[in-house]
Amino acid sequence: MPESASPRPEGVSGSLREAVLAGPGAGAAVPAQGGWNPLAVVATPARVEAALAAAGHADKCRAILSGAVTTVLVVGLCLYCGEGYTGVIGRLWPLLGSFNPAVVMSAPVTAVALSQARARLPAGVLRALFEAGAAATVTTAGSLVFGLVVTAVDGTVFDLAFADAICRRFATPSGGRFPQARVVTLVTCGTRRVLAAQVDSCGVSEQRLWDRLVTHLQPGTLNLADRNF
């Protein structure tokens with residue numbers, strides 16, 4: 001990303017910003033050197049607190065793995081995909097004091113503890129955090145055509161775990177072995193930043209999911225889509 005394209009958060013390099021804004025599959029690696037703070041880009045304490053409030057989540061007791069700490073660690077699992085629970089916990093633990101001061105007095109939690117805490121976290125928290133981040137407009141060179149920000153919409157399906165609860169919620173395609181989810185996303189072409197997304201069973205068409213997304217189109221944008229839409 002050219003340095004002149006958009007303001008850079010203090011202490012965050014261009015390559016880290018690219019990794020966050022480009023989204024999954026962009027091929028950009030997040031640096032491992034000391035001093036990097038991905039939370040300055042992805043999840044600030046104020047944004048996480050607002051997401052917890054928007055989802056109606058409140059901690060029922062004082063614990064190291066508060067809702068805020070759990071939220072940040074789940075975001076870390078996405079940002080550092082492939083490193084595993086233990087690696088992500090170890091990487092982010094020194095950065096979590098602003099989300100829960102008790103963290104500085106405690107050793108990193110175990111992978112099992114995070115897995116259990118993750119199950120207690122409402123999905124609405126991560127949705128609210130995602131939507132807050134998507135609200136910010138970021139453009140780069142090549143993002144504009146005729147003075148309009150170019151966006152695109154498309155869909156895909158992916159396999160889910162074969163479990164009773166999942167099978168009841170998501171359909172298994174004819175001849176398939178696993179239930180599948182269908183996701184349709186709206187992205188900014190220049191940065192590959194995800195602006196909005198809808199997920200449902202593979203039995204729900206792309207067109208129906210797009211009907212739920214159409215309100216996210218904004219003035220000043222030019223949207224690209226294939227003929228299915």
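The model is predicted, with local features requiring pLDDT of at least 70 and side-chain atom pairs pLDDT 80 or more, while totals for chains, interfaces and linings use all residues. Residues are numbered from 1 along each chain as its sequence is written, and side-chain values use heavy atoms, without hydrogens and water.

The protein chain has 9 helices and 5 strands, taken as DSSP runs (helices H or I, at least four residues; strands E, at least two) numbered from the N terminus. From that terminus the order of elements is α-α-α-α-α-α-α-β-β-α-β-β-α-β. Of its 229 residues, 35% count as buried, meaning under 20% relative accessible area with a 1.4 Å probe, protein chains only.

A nonpolar core is a set of buried Ala, Val, Leu, Ile, Met, Phe, Trp, Tyr and Cys residues joined through side-chain atoms within 4.5 Å. The largest such core has 27 residues, and V48, L65, V69, L73, W93, L96 and F99 touch the most other members.

Helix α4 (residues 67–79) packs against helix α6 (residues 111–120) at about 105°, with axes 10 Å apart; the axes are lines fitted to C-alpha atoms over the stretch in contact, and angles run from 0 to 180 degrees between N-to-C directions. The two helices α4 and α6 are therefore roughly perpendicular (65 to 115 degrees). In this pair, T70, L73, V74 and L77 of α4 meet L114, A117 and R118 of α6, where contact means heavy atoms within 4.5 Å.

Notes. Angles under 35 degrees count as roughly parallel, over 145 as roughly antiparallel, 65 to 115 as roughly perpendicular and the rest as oblique. Buried means under 20% relative accessible area, exposed over 50%, partly exposed in between (1.4 Å probe, protein chains only).
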